[in-house]
Amino acid sequence: MQSEDLSRDWRQRHVTAVASLYLGFFGFDRFYRHHIGWGIIKLFTFGGFFVWWAIDAAYYAYQAGKLESAASSAAWRRPHIVMLISWLYGYLGMDRFYQQQVGWGILKLLTFGGFFIWWLIDAIYYTTRAGRT
């Protein structure tokens with residue numbers, strides 16, 4: 001039974017993280033979490049002028065990664081998920097938030113992935129790391 005609970009929690013956190021990354025500026029992540037009032041506010045402010053969206057996306061990526069590192073049975077998925085996050089949203093530091101590296105994530109977010117150089121280096125690194133698993 002615990003395996004089913006962990007699987008459901010894993011799925012829910014990852015769906016929330018993906019919803020926040022792709023549709024968070026429309027409040028979809030808040031609607032998914034049943035926070036209708038906050039979702040409506042986020043919808044009409046375009047994710048709080050994209051600031052609220054970035055904060056929520058970082059938070060949900062952090063939460064999803066936290067659960068992922070605790071689930072040893074899902075360890076084979078982690079490098080592949082980090083690779084995808086890095087290529088898609090690494091310039092915003094989401095790959096670092098997913099790995100609980102908050103300080104590096106904030107730095108990457110503020111510099112747009114080190115002016116896209118750091119983002120490219122990380123994306124290539126995580127791709128080669130995922131290819132080894």
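In which loop is the place of Phe-50? Phe-50 is found in the loop between helix H4 (46–49) and H5, where helices (H or I, at least four residues) and strands (E, at least two) are DSSP runs numbered from the N terminus. The structure is a predicted model, in which local features need pLDDT of at least 70 and side-chain atom pairs count only at pLDDT 80 or more, while totals for chains, interfaces and linings use all residues. Residues are numbered from 1 along each chain as its sequence is written, and side-chain values use heavy atoms, with hydrogens and water left out.

The secondary structure of the chain comprises ten helices and zero strands, and the order of elements from the N terminus on is α-α-α-α-α-α-α-α-α-α. The chain has a mean pLDDT (the predictor's confidence in each residue, from 0 to 100) of 87, with 88% of its residues at 70 or more. Among its elements, the lowest mean pLDDT, 81, belongs to H1, and the highest, 95, to helix H8 (residues 102–110). Of the 133 residues in the chain, 43% are buried, a term that stands for under 20% relative accessible area, with exposed over 50% and partly exposed in between (1.4 Å probe, protein chains only). When contacts (heavy atoms within 4.5 Å) between residues at least 6 apart in sequence are considered, 51% join residues at least 24 apart.

Helix H6 (residues 78–89) has twelve residues and, at 1.5 Å a residue, should span 16 Å, which agrees with the 16 Å between its end C-alpha atoms; the expected span is 1.5 Å times one less than the number of residues. Within H6, the buried residues are Arg-78, Pro-79, Ile-81, Val-82, Met-83, Ile-85, Ser-86 and Tyr-89.

H6 also takes part in the largest pocket, for which helix H1 (2–23) and H6 are the elements that give two or more residues to the lining. A pocket is defined on a 1 Å grid over the protein atoms alone as an open set of points where a 1.4 Å probe fits, with protein on both sides within 12 Å along at least five of seven lines, and lining residues have an atom within 4 Å of a point. The lining of the largest pocket has 13 residues, and Val-18, Leu-21, Ile-81, Leu-84 and Ile-85 lie nearest its centre. H1 provides the largest share of this lining, six residues. By class, the lining holds twelve nonpolar, one polar and no charged residues, where Ala, Val, Leu, Ile, Met, Phe, Trp, Tyr, Cys and Pro count as nonpolar, Asp, Glu, Lys and Arg as charged, and the others, Gly among them, as polar.

Two residues were noted for their backbone angles. Most residues other than glycine have a negative phi. Phe-50, however, has a positive phi near 70 degrees, and its relative accessibility of 45% makes it partly exposed. Phe-115, in helix H9 (residues 112–115), likewise has a positive phi, of about 55 degrees, and is exposed at 67% relative accessibility.

Arg-96, in helix H7 (residues 94–98), is buried at 12% relative accessibility. Leaving aside residues up to four places away in sequence, Arg-96 touches Gln-101, Trp-104, Gly-105, Lys-108, Trp-118, Asp-122 and Tyr-126.
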